[in-house]
Amino acid sequence: MSHYEIMYIIPVKMGEDNTTEVQTKVQNMLKDNGAQITSEENLGKKKLAYPINHMRHGTYFVVECDLETQSVKPVSEWFRLSADILRAQIIAKEIKTPEQIARDKAWQSKLAKKQADAEAVEDTKTSALKAPEQKVSLDELDKKLEEILTKEMVN
């Protein structure tokens, strides 16, 4: 058995009651094909990247399951032919060991620390480059302008 992630979109126009019915249909279909569902998540209503069948919004669901390789094609066909599903995608997913998860978390924390250090260095550079603003009165500006103009006329 391989581990798969299945993402499918249900049209928003179906309503909450019909959405749970479709979700139950998907679960039953997966179980009928020998899948063992490990997790299921409702990602909620989102806007589609482009209209599908004149629909602009859908409810996204993600299911992770263990499934035999030969059962992937019938499951894919069921999603493609189902009138209740706008789109579906099946992706083979690697199951991570606890060591890999710990390594990924350590790498992410190291990356976040580097990014925070880089932002701190950038902040110190920009604050050092900014000169303190000096307020100048209009009279001083007029005097300076006259000096410049008289120098140009004399030369």
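A polar contact is a pair of N or O atoms within 3.5 Å; within protein, one atom must be able to donate a hydrogen and the other to accept it, and residues adjacent in sequence count only if both atoms are side-chain atoms. This is a predicted model, in which local features need pLDDT of at least 70, side-chain atom pairs count only at pLDDT 80 or more, and totals for chains, interfaces and linings use all residues. Residues are numbered from 1 along each chain as its sequence is written, and side-chain values use heavy atoms, with hydrogens and water left out.

**View 1. His3 and its polar partners.** His3 lies in strand β1 (strands are DSSP runs of E, at least two residues; helices are runs of H or I, at least four; both are numbered from the N terminus). The His3 side chain makes a polar contact of 3.0 Å with that of Glu64. Another, of 2.7 Å, links the side chains of His3 and Asp66. His3 is buried, at 10% relative accessible area (buried is under 20%, exposed over 50%, partly exposed in between; 1.4 Å probe, protein chains only). Leaving aside residues up to four places away in sequence, His3 touches Thr38, Glu64, Cys65, Asp66, Ile91, Ala92, Lys93 and Ile95 (contact means heavy atoms within 4.5 Å).

**View 2. The four-stranded sheet.** The strands form an open, antiparallel sheet, ordered β2-β3-β1-β4 (two strands pair if DSSP finds at least two bridges between them). β2 (36–52) and β4 (87–92) are the edge strands; each has a single partner, so one side of each lacks a neighbour in the sheet. Neighbouring strands are turned by 20° against each other on average, direction ignored (axes are lines fitted to C-alpha atoms, for helices over the stretch in contact; angles run from 0 to 180 degrees between N-to-C directions).

**View 3. The β1–β3 pairing.** Strands β1 (residues 2–11) and β3 (residues 55–67) run antiparallel and are joined by 10 bridges. Ile9 stands opposite Tyr60 of β3.

View 4. Helix α1 covers residues 15–32, 18 residues in total. From first C-alpha to last it reaches 26 Å, close to the expected 26 Å at 1.5 Å a residue (the expected span is 1.5 Å times one less than the number of residues). Thr19, Val22, Gln23, Val26, Met29 and Leu30 are buried in α1. Seen down the axis, these buried residues fall within an arc of 125°, so they line one face of the helix (the arc is that of the directions from the helix axis to the C-beta atoms). They pack against β1, β2, β3 and α2 (72–81). Asp17, Lys31 and Asp32 are exposed on the other side.
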